[in-house]
Amino acid sequence: MSTVTATSRRPPALAGNPWLRFAARRLGRLLVSVWVLLTAAFGMIHLIPGDPVRAALGPMASAQVVAARRAALGLDDPLWQQYLHYLGNLCTGRLGVSMGSGLPVSQLIADRLPATVEIAVYAFLLALAVAIPVGAGMAVLTRGGRRRHAELAFTSTSVVLAAIPEFLIAVGLVFVFGVSLGWAPVAGRSGPESYVLPVVALAIGPAAVLARIVRVEMLAVLRADYIRTARAKRLPARLVYLRHALPNALTATLTLGGLLLSAMVAGTVLVENVFAWPGLGAAIVQSILAKDYPVVQGVVLVYGLGVLLVNLAVDVALALLDPRSTIRES
């Protein structure tokens, strides 16, 4: 009898394993977020004024041809039927066909996605490469209220850079380094040099934000007891800063970095149009202007999934770095 009682009180595997609970929570949130994203994308695209079939066929197409095309695409059906048809196609892996070009949306996305991912990842790496040493260095230089002028200059500069929109930075880079100096191409994706200006335009703002976060976190770590203990042991400054202080200051940077990577992916929409970059950002603007419903829905889905997966990766990374605070969250 006692054995039966003990067995009935044993917690299920899901409830007893914090990693399984963590994975179940994150998977549930991801599925709900994807459904909200799909519904929002479907609803917003239908708010765009104008007839997508007329936009695709042109003003010279006859009313009979337009009506036949609308019926073939199911645009005459009630909106809820179109919504269910859209979800059903997605469940079978079909994103539809472009109303303008007639090409499968999946093929268009596959052709353009690498160009967008490349500049977003390069910009993120550049932002980290600049922000971590600059923020950590400024924390060391200005700790304890020293070098007020350097602190004021760093704070003012980073605030200004973080406040400027990406497309304005892109336009400025095009004018100065592309048109005036001729140091880099201003449009297209024709070689390594063509990546410079789009990547820099995307990286400047996030690098300024990350540098401020790194500095604040580093200042907090430098006041910790274990840092004072390390100094009391007369460890070299290089070991104190790089081995003991910097790794503990990067947790918040990692969290914010993931969010900034999401913002970078979204920021590619405007930057790609400034530099005529053949990525998804340029495709979504063109498809919105052409009222190409399937392309807009497909590209929005890819952008949204990218943001959600980046946030999921950040959550997993934080759980690995600090399981006590992340896995045990309610």
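I began with Ile-164, which sits in the loop between helix 8 and helix 9; helices here are DSSP runs (H or I, at least four residues), numbered from the N terminus. Ile-164 is partly exposed, with a relative accessible area of 32%; the class lies between buried (under 20%) and exposed (over 50%), with a 1.4 Å probe and protein chains only.

I noted that this is a predicted model, in which local features need pLDDT of at least 70, side-chain atom pairs count only at pLDDT 80 or more, and totals for chains, interfaces and linings use all residues. Residues are numbered from 1 along each chain as its sequence is written, and side-chain values use heavy atoms, with hydrogens and water left out.

**Nonpolar patch.** I found Ile-164 in a nonpolar surface patch of about 560 Å², together with Val-160, Leu-161, Phe-167, Leu-168, Val-171 and Leu-270. Such a patch joins nonpolar side chains (Val, Leu, Ile, Met, Phe, Trp, Tyr) within 5 Å, from residues with over 30% relative accessible area and no salt bridge; the areas come from the Shrake-Rupley method with a 1.4 Å probe. Helix 9 gives the most to the patch, with three residues.

**Salt bridges.** I counted three salt bridges in the structure, each being a side-chain nitrogen of Lys or Arg within 4 Å of a carboxyl oxygen of Asp or Glu. Arg-189 pairs with Glu-118, their closest N and O atoms being 3.0 Å apart. This pair links distant parts of the chain, from the loop between helix 9 and helix 10 to helix 7, 71 residues apart.

I then looked up Arg-148, Glu-151 and Arg-215, which are linked in a network of salt bridges. Arg-148 and Glu-151 both belong to helix 8, three residues apart, and their closest N and O atoms are 3.6 Å apart. Glu-151 also meets Arg-215 in a salt bridge at 3.0 Å, N to O; Arg-215 is in helix 10, 64 residues apart from Glu-151. Arg-148 is exposed at 57%, whereas Arg-215 is buried at 9%. Arg-215 is also in contact (heavy atoms within 4.5 Å) with residues including Gly-135, Met-138 and Phe-154.

**Nonpolar cores.** I examined the largest nonpolar core, of 29 residues, in which Ala-127 and Met-264 are among those that touch the most other members. A core is a set of buried Ala, Val, Leu, Ile, Met, Phe, Trp, Tyr and Cys residues joined through side-chain atoms within 4.5 Å. Helix 10 supplies the largest share, eight residues. Apart from this core lies another, of 16 residues, among them Ala-136 and Val-240.

Conventions:
Patches are made of residues with over 30% relative accessible area and no salt bridge: like charges are joined within 9 Å, nonpolar side chains (Val, Leu, Ile, Met, Phe, Trp, Tyr) within 5 Å. Helices (H or I, at least four residues) and strands (E, at least two) are DSSP runs, numbered from the N terminus. Lists of a residue's contacts leave out its neighbours within four places in sequence.
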